[in-house]
Amino acid sequence: MAPGWEVAGPARHYYLDSAEHLPRPEGVEEIELTEAIRSSLRALTEPGEWREAGLDAASAAAFAVMDEAGPVAVAALGGFRDTQADVRVLVRPDSRGHGFGYAVAAAAARHAVENEGIARWRCLESNLGSLALARRLGFHWWCSQIAAGP
């Protein structure tokens with residue numbers, strides 16, 4: 001391997017092309033993913049988890065569950081080929097396991113399918129929570145990959 005390069009993965013890629021089965025959960029709102037929201041979540045999250053969530057690169061529609069302390073869970077869409085269909089999700093560490101990730105991810109996936117015709121889910125194979133969430137949302141496994149780069 002070239003000096004300074006790192007290996008990432010393996011990662012799994014999932015796709016969804018129908019949103020009929022996805023709920024429209026109460027308590028989820030469409031938001032602008034501001035730097036303040038990103039910063040508040042980044043401060044509560046391990047660097048590897050933050051990278052895995054991919055919210056720095058999310059640039060399209062975003063959905064959140066909020067409480068008095070700020071964002072509990074956020075899902076946002078980022079670029080995938082010529083679409084904004086890559087679903088990126090992060091749940092505040094103290095709020096995991098309560099269905100908030102499912103709620104915001106369902107809203108983002110529905111938006112992607114309805115507006116782009118497809119939603120993509122990508123996560124490391126070691127991220128068991130994300131793998132389970134993709135399956136629960138009805139995403140279909142497509143492939144696994146390993147990437148290398150500087």
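Predicted model: local features only at pLDDT ≥ 70, side-chain atom pairs only at ≥ 80, totals over all residues.
Q: Cysteine 123: buried or exposed?
A: Buried, at 2% relative accessibility. The cut-offs: buried is under 20% relative accessible area, exposed is over 50%, partly exposed is in between (1.4 Å probe, protein chains only).

Q: And what about cysteine 143?
A: Cysteine 143 is partly exposed, with a relative accessible area of 25%.

Q: Switching to confidence. What does the chain average?
A: A pLDDT of 92, with 99% of the residues scoring at least 70. pLDDT is the predictor's confidence in each residue, from 0 to 100.

Q: Where is confidence lowest, and where highest?
A: Lowest in helix α2 (residues 47-53), at a mean of 89. Highest in helix α3 (residues 100-116), at 97. Helices (H or I, at least four residues) and strands (E, at least two) are DSSP runs, numbered from the N terminus.

Q: Rings next. How many aromatic pairs?
A: Three. Rings of Phe, Tyr and Trp (its six-membered ring) pair if their centres lie within 6.5 Å; planes under 30 degrees apart are stacked, over 60 edge-to-face, the rest tilted. One of them joins tyrosine 15 and phenylalanine 80: centres 5.8 Å apart, planes at 45 degrees, so tilted.

Q: Which strands does that pair tie together?
A: Tyrosine 15 is in strand β1 (residues 6-16), phenylalanine 80 in strand β4 (residues 70-80). The pair therefore links parts 65 residues apart in sequence. Tyrosine 15 is buried at 19% relative accessibility, and phenylalanine 80 is buried at 13%.

Q: What about tyrosine 15 and tryptophan 142?
A: Their centres are 6.2 Å apart and the planes sit at 90 degrees, so this pair is edge-to-face. Tryptophan 142 lies in strand β7 (residues 140-149), so the pair ties strand β1 to a part 127 residues away in sequence. Tryptophan 142 is exposed, at 61%. Ring pairs link Tyr15, Phe80 and Trp142 into a cluster.

Q: Which residue lies over the face of tyrosine 102?
A: Arginine 136, at 3.8 Å from the ring centre. The rule: NZ of Lys or CZ of Arg within 6 Å of the ring centre and within 35 degrees of the ring normal.

How values were computed. Residues numbered from 1 in each chain as written. Heavy atoms only, no water.
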